[in-house]
Amino acid sequence: MCLPKLIVSEKLCCVWYCSMMTATDGSLSMLPCLDNEEKSNEGKTDTNEDYKQKESTAFPGGCEVKSRAVVKYSAAPPPAAYARLQEKTDLKLPPSNWLRESTQLGPAGITILGSSGKSKPFSSFGMAYDFIDSVGNEVDVVSDSENIKKLLKIPYSKSHVSMAVHRVGRTLLLDELDIQELFMRSSQTGDWIWLKEFYQRLIDEKWQRKKKSKEHWYQKAILSKFLYYSINGDGNAEPMSTTSDESSQPDDEDPECDEIGPSWPAPFGSSAPISEDNDSLKRENLPNKGKFALGPLASSPKGQNLTTLFNEGENSQGLKNDFVRNILWTFEDIHMLVGSNMPIFGGGRYPAVSLRLRDSNKPINVLTGIDYWLDNLMCNVPELVMCFHVNGIVQKYEMIKTEDIPNLENSTFSTRVVKDIAQNILSFLKSNCTKEGHTYWLFKASGSDIVKLYDLTTLCEEAPEEKYQNPFTMPVAVLLYKVASNMLMKKNQNRKHYGTIRTLLLNCIKLLNEDRHPQIIASANYMLSELFELNEPRRDDGSLPNGNSEDSYSEEEDDIPEDSDENGSCSTGSDAPEDGTAVAIIKSVRELSLPEKYKSTHQIWPSCTFPICHDTEERCRHVLSYVLKGLKAVDSSIEKESELPAADPSTPIPLKYEGLTPIGSSCGMKNEIALFLDKAGPRGGDIKHTRSGMIKGSWQHRMKLQLFLKASKAYYVLAESATNLLKYGRALRYVKLALQCHDSYCSISSNLHTEVLLFHSQCLSLCGDIQLMLAQNANNREVYLEEYNYQTKDDQEILHSLHRESSCQAFNLATDMATDPEYQLTVSCKCYEAVYDLLVSLNLKDQHPDQLNQVLKRLGNIRNEIGVFYMNQAAAVQSERAANKAVLATEQELWKKSFCCFEKGMKDFDAIEDKTNTALLLCNTGRLMRICAQAHCPLSTDEKRGEFSPEEALYYNKAIDYYLKAMRSLEKRETHPAVWDSVNWELSTTYFTLATLLQDYAPLSRKAQEQIEKEVTEAMMKSLKYCDLQTVSARQPLYQYRAATIHHRLASMYHSCFRNQVGDEHLRKQHKNLADLHYTKAVRLFQVLKDAPCELLRTQLERVAFVEFQMAGMSSNAAKLKTLTATLDIISDTRQAFEMIHKEMLEEQKQNLNGAGECDSNGANTNSSNGLNTEEVEKLINIFEPSLSFLLLQLVKLMTTTKKKSSGTTEDGTVKKYKQVYSSLLRAEKTAPLITRVELIIDLLIQLFTT
């Protein structure tokens, strides 16, 4: 018959819940039960309901302690009324239901004859496994209630105390450590020899196990019968026959048969199998939070999470929580998780009572009173029912309130002292049991007042042959693991606890043997790698959060001070020379009764803080180091290790440079891309065994999947970080390792989840980015090659583990370090194409549109880069080609490749409606057309330029079409001002170049002069249309110079037409007006520039020549004089140009004096910023001087021969001034330095136009 189980939430109290708080008068008060309790169970008795409705009970007597208990788990039914036995009932006679399983008594009923008062050696671990949330932070102590009572009775009792103490965070686990049982085990198995010798050498040898007397078993028997009578419901129940009584009585000849009952798990070195009774290990409806599931991670596949890291047999080590109820007991400021099997009864006006049996001839002593009082406090039982008997004959019953127990006759004790004992013992243990994973032994010999604390782990390590013989090692390691995994799995877990989690896992690994427990070690290392965020965001102040924990505790044994008591009360081995092996000693148990004799400092050890990672590489290196340890643990556990295939000898593990596939080998490229998709796509057949011999679904298989994926992500982040640091060789090495990890992952995985495939696409995309950057930074190829070939020891070992599952050659093409930019660009493009095909073929297009858009943008960009590369190659071939040779086939092939790439790139950008980048590619296509036009430039054998050819016109017009499409794509300047300005400039340049070539190399052999002039005018005006003279930008001076040049060229053309036009006076007049208009505009723009003096001077001289030509056809002296006067005004405007020339020449002289060298001369139309063209200046001066001389001579002649004689003093003075200037020009030396000639002209102009 199974006992019904009652699960009570932490937020709800069970039917016995109460909270005793100190009242104003110093007494204890019983708080009423919560109303929610009424809904927790059905079928409860009315007496129970009456108890729940009881509001409060005053506690007289001055119990000045605070106690609160919450039942977290109960397997007992609601308390039933007990049967009050009639007087004279003979308890020596067994009832009819004796030793039958009872729901009222629970385990106490069938174990009352055995060791119900004896705690099992691992009882605290069973509770800790079930309530893993409470361990490490919320609870101070986890233990059996019997152990708690034994500790609190130390100052009152002469009996021995032997307990094992373990620390997990701030929680202490207490278990009885039966030395005699260990010695009996040692005699059978040979274990614990070192502890036996240590005990015999240092501990009181007089302490021996005493055999239980017949009186002991007699008292146990009548207690058992009394309890069964009490639940029988009939005080007059017929007793069993004497024969049955005798047969049920324990055998006096073997009184210790039950003392060896508690089972000890086999130590690590034992071959005893682990219990497979999983059903006995599970508790119905208990939350199974102790199992750490690997995943789901941020980007891990949901279908490939590990539900548990090890099976129940290894998980629990045969340990289970056998207590009827588990209680969270708060005693003063001490929080304890205790287990209790005490039967609780109810009924009538006593809804919850404990039942005790006492011999009337034996008074209750202090130890018994404390025992009763603590039991009732822990279980929240307000009253105790005492049944008195004489020689087994029932005499009477007495009801005692819990708060009155400390004041009973002959058992008076102070609750304050018990409180001080509890606080002192906890402080003593917390101050000295500081090392997680260590087993401490709290020992007090029988009759002794000295309590000693030993570190059994340290003593065990001193005997190497006994290193793994500590039976607590495995339970402690599992508990550390479970606590850490539980903390890590909490969704709202603050990262400040990461230091604590790391310490728990490191101590867990330290306890385990790699050969015997690879599964837990691999799992713990994986969780350690999970603590480090690979893409860790920065704080607002730019610093990285380091995860320091204010609840941290030290993992470094040497840094923990042994004496943590401020007042020196906590004695250490140095204070007790008689026992130097003890960690700490309480010299007298009477000290425990003193208030605050021992204080726990609760120091935060800095060595437990989470390691601060100053950069991404350091953080990823931590991750990879733990991944490597996990892989080693998994590899060591594979049974067929000796039969594993070796790594492919043709592929060395070091990432050395290998020969590249020839560029023309497109077949190899296609095969590699097909391999990309094959690795990423769904696999046809299921994998039963991997290359290393792993079985699909085994823990090794699941763990390797997670570790491979984690390593791949770490290498990806490293590659991304190296790319940001412009370390492209290092980045390529890291992304190669990431893809090799992914290749191994694919080799052992039958189905790849969406997140894994997306991560795979990210790796390939990053690889394409790196190859593109390598192609663009070819000058540092040697440095990148050195970075690429470097490899750490961890990388080599991880790669060795990868080779156990895969050849790791699937992505060699994408990750090779090439020396040819074209190859690198091609590989980059193929990587992007593979990512695109992956997203499209696996129907991820709609699920992840953003990622698809990014891939298309990268594809468009790389195709633009390849197109520009081929375009530049074509331009280089063209420049090297002989002038008189036709266009080569190589050039044409490069044009086709470039144009094809541009077209594909435009389609990619059109697919994502990226108008800006589409405009850029159209602009580049226009540039390609201009290169094609330049290649068709006709040159004669003497390298003279021929007429403008139709092929040139065709390609220039195509270039104009593409530029116009780019403008239409942008629609308006606000779309992207920089791109708009660039396209606008290129379009204006193309029109200007077309017009210039038509004007300078007019195709008169196939077109009429008038048609050519018309085309030139149209092209010039269109170029002028796209000259943005209003927008302030870096190109504004260039636009101004071009507009001035256009006006100058148009003026020159109309000037020429005016000179050569014969017959049509209307057309000549039109040409004259247009020439005059454009000259005026050109001069105005050149004057605004202030850095084009030569162009300004040339334009002014052409205007002078234009006016002189008009004067030649005049017959009237008055008209001639008027024209000459206007011409002289034009001459006066040249002063600005000569002053700018003079200024630049002075600056160049200073530079020459300072060793800057001579100024260069690069042609007629060079700007002053590139150096003054002195040859051009000299030519212009040689034209200016005769022109001015001629003008002055004509003016003197006309003014002196005029018939009009007025009192023209002014005229006489003007003529005289003209003569003087004219005379100076004639006497000027033509061989004088250029700057001297410029200075002379400036002086003459000043003299000429000074009134």
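So, Cys746 first: its relative accessibility is 1%, so it counts as buried. Buried here is under 20% relative accessible area, exposed is over 50%, and partly exposed is in between, with a 1.4 Å probe and protein chains only. Cys900 comes out at 34%, so that one counts as partly exposed.

Quick word on where this comes from. It's a predicted model, where local features need pLDDT of at least 70 and side-chain atom pairs count only at pLDDT 80 or more, while totals for chains, interfaces and linings use all residues. Residues are numbered from 1 along each chain as its sequence is written, and side-chain values use heavy atoms, with hydrogens and water left out.

Back to the cysteines. How many disulfides does the structure hold? It holds 0, where a disulfide means a pair of cysteine sulfur atoms within 2.5 Å.

Okay, empty space. Rolling a probe the size of a water molecule over the atoms shows where empty space is left. A cavity here is a set of points, on a 1 Å grid over the protein atoms alone, where a 1.4 Å probe fits but cannot get out; lining residues have an atom within 4 Å of a point. Points are joined across faces, edges and corners, and the volume is the space filled by probe spheres set on them. That gives 13 cavities of 30 Å³ or more, and the largest cavity has about 120 Å³ of space.

Who gives two or more residues to the lining of the largest cavity? That's α4 (145-152), β9 (334-340) and α12 (415-432), with α12 giving the most, at 4 residues. Helices (H or I, at least four residues) and strands (E, at least two) are DSSP runs, numbered from the N terminus. The lining includes Leu151, Met336 and Leu429. By class it's 11 nonpolar, no polar and no charged residues, and nonpolar means Ala, Val, Leu, Ile, Met, Phe, Trp, Tyr, Cys and Pro.

Last stop, a sheet. It's an open one of 3 strands, ordered β10-β11-β12, with mixed pairing; strands pair if DSSP finds at least two bridges between them. β10 (353-359) and β12 (393-401) are the edges, each pairing on one side only. β10 runs parallel to β11 (residues 383-390), joined by 7 bridges, and Leu357 sits opposite Cys387 in β11. As for β11, 7 of its 8 residues are buried, so the rest of the structure largely encloses it.

Methods: On a 1 Å grid over the protein atoms alone, a cavity is a set of points where a 1.4 Å probe fits but cannot get out, and a pocket is an open set with protein on both sides within 12 Å along at least five of seven lines; lining residues have an atom within 4 Å of a point.
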